[in-house]
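This report considers aromatic side chains and their surroundings. The chain is shown below.

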Amino acid sequence: MDDTSLSKSNKYESLSKLIKEHLWSIFDETEKLIKEDYLTFSRKGGRTLELQKLISEHIVNIYDEFHNIDRHDMQDERLRYLQKLISKHVTELHALSGLNQDKYSSQILFIAAEIGNTNFLVELVHRYPDLMWKVNEDNQTIFHIAAKYRHEDIYNMLYEMGSMKDYVFRLEDADDNNMLHLVGKRATKERLANMSGPALQMQRELLWFKEVRNMMPPYYRERRNKDGLTPRELFTKEHKELIKEGEKWLKGVASQCMVVAALIATIVFGAAFTIPGGYSQTNGNPIFYQRPVFVIFVVADAISLFLSSASILTFLSILTSRYAERDFEGSLPKKLMLGISTLFLSITAMMITFSVSFFILYHKEMKWIPIFISVFAITPVLLYVVLQFHLLVDVIRSTYGSKYLFKPKKQVLYHANPKV
């Protein structure tokens with residue numbers, strides 16, 4: 001054998017050994033990933049598992065066919081066969097990876113929409129605007145996912161798309177569900193937990209349904225899915241339990257608050273006739289009626305009585321409501337807000353009445369007593385603020401702040417042209 005043939009043979013053997021080592025290394029790593037995929041990946045992770053399996057199968061095929069090269073006698077023919085074989089399988093693996101990439105490369109986009117990562121999506125869409133029109137295996141865009149999981153910041157991007165948003169609203173999945181059907185389904189517990197109680201959760205669900213319905217072309221509002229349900233029928237079916245929970249929660253809050261309001265009304269009503277210092281035996285007028293602080297006492301007591309009575313009537317109205325689906329959108333939350341507000345103000349007025357009565361009695365000596373008592377009289381008001389005021393804030397934000405929930409003032413996808 002001459003030096004040239006020997007050189008080719010050595011090169012071939014070295015190349016053969018190197019390729020075999022790398023093939024087994026890739027195969028071992030792929031098998032390791034497959035085992036981890038079985039243990040850690042969810043159903044979505046199974047897509048990665050499929051790709052790993054197919055790659056491992058191709059690696060095995062490469063190795064088997066490569067092993068058959070030894071059957072050829074001529075070195076040049078073996079090298080040409082090796083090149084052809086490697087080229088063939090590299091092409092197949094490239095096509096395979098490209099196929100899975102087309103199908104799943106945008107998966108991270110839908111995961112970001114599902115968890116509500118708005119900043120990431122905005123940055124991604126800025127770089128690759130076509131991603132907005134990507135659909136997943138259920139024929140849903142990122143806006144369908146945002147509506148399904150109640151991420152208003154992502155959904156609001158639709159307002160920057162002009163007439164193109166009609167294309168999004170016309171899309172339907174394999175079960176003939178459009179976007180209105182998706183918001184007709186009950187939101188996840190994690191998203192509902194952001195609201196204080198079932199009644200406010202139901203209110204937010206109604207606001208979402210109303211918003212998407214107004215955006216949906218009229219023809220698609222009454223489209224039926226494969227279960228034969230329109231979006232409204234699906235919404236009613238999915239939210240039956242939430243309505244019952246909201247009714248139970250509202251009645252519980254109203255009953256407890258009404259007891260407190262009735263107790264306050266009883267106390268301040270009695271205080272109006274048992275005034276500090278009593279009445280004059282000669283003319284029957286209050287002894288301290290000419291003092292300005294006495295006027296404060298009378299006015300604060302009357303205000304507390306009126307507010308507590310209004311609170312009782314408001315909570316009674318909640319208890320006797322019919323609890324229809326649409327009542328949760330505005331009527332019941334507004335009544336709850338009015339009842340809690342009047343109760344808070346009646347407690348405040350009652351504490352003022354109580355404190356002022358000591359200023360009337362101890363106006364000459366021991367003035368430190370009314371001051372000391374007035375400081376501690378603030379405690380019930382502060383406790384109410386700490387323990388219950390957050391509920392009032394949530395009701396106000398949910399009822400009146402909802403108008404700013406959709407249609408944002410600031411654009412995030414496309415910056416408006418500056419005014420000249």
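## Aromatic pairs

The structure contains 11 aromatic pairs. One of them joins F269 and F273 in an edge-to-face arrangement, with 5.4 Å centre to centre and 65° between the planes. The model in question is a predicted one.

The two partners fall into separate accessibility classes. F269 has a relative accessibility of 47% and is therefore partly exposed, whereas F273, with a relative accessible area of 54%, is exposed.

## The pair in helix 15

The ring centres of F354 and F358 are 5.1 Å apart and their planes meet at 70°; because planes over 60 degrees apart count as edge-to-face, this pair is edge-to-face. Both residues belong to helix 15 (residues 331-361), where they are four residues apart, about one turn of the helix.

F354 has a relative accessible area of 41% and is partly exposed. F358 has a relative accessible area of 18%, and because buried means under 20%, F358 is buried.

## An aromatic cluster

One aromatic cluster is formed by Y155, W208 and F406.

## A nonpolar surface patch

On the surface, F359, M366, W368, I371, F372, V375 and F376 form a nonpolar patch, and together they have about 760 Å² of accessible area. Helix 16 (residues 368-400) supplies the largest share of the patch, namely five residues.

F372 is located in helix 16. With a relative accessible area of 47%, F372 is partly exposed.

Conventions:
Residues numbered from 1 in each chain as written. Predicted model: local features only at pLDDT ≥ 70, side-chain atom pairs only at ≥ 80, totals over all residues. Heavy atoms only, no water. Phe/Tyr/Trp six-rings, centres within 6.5 Å; stacked < 30°, edge-to-face > 60°. Buried < 20%, exposed > 50% of the residue type's maximum accessible area, 1.4 Å probe, protein only. Helix = DSSP H or I, 4+ residues; strand = E, 2+ residues; numbered from the N terminus. Patch = residues over 30% accessible without salt bridge, like charges linked within 9 Å, V, L, I, M, F, W, Y side chains within 5 Å. Areas by Shrake-Rupley, 256 points an atom, 1.4 Å probe, with all protein chains shown as cover. Salt bridge = Lys/Arg side-chain N within 4 Å of Asp/Glu carboxyl O.
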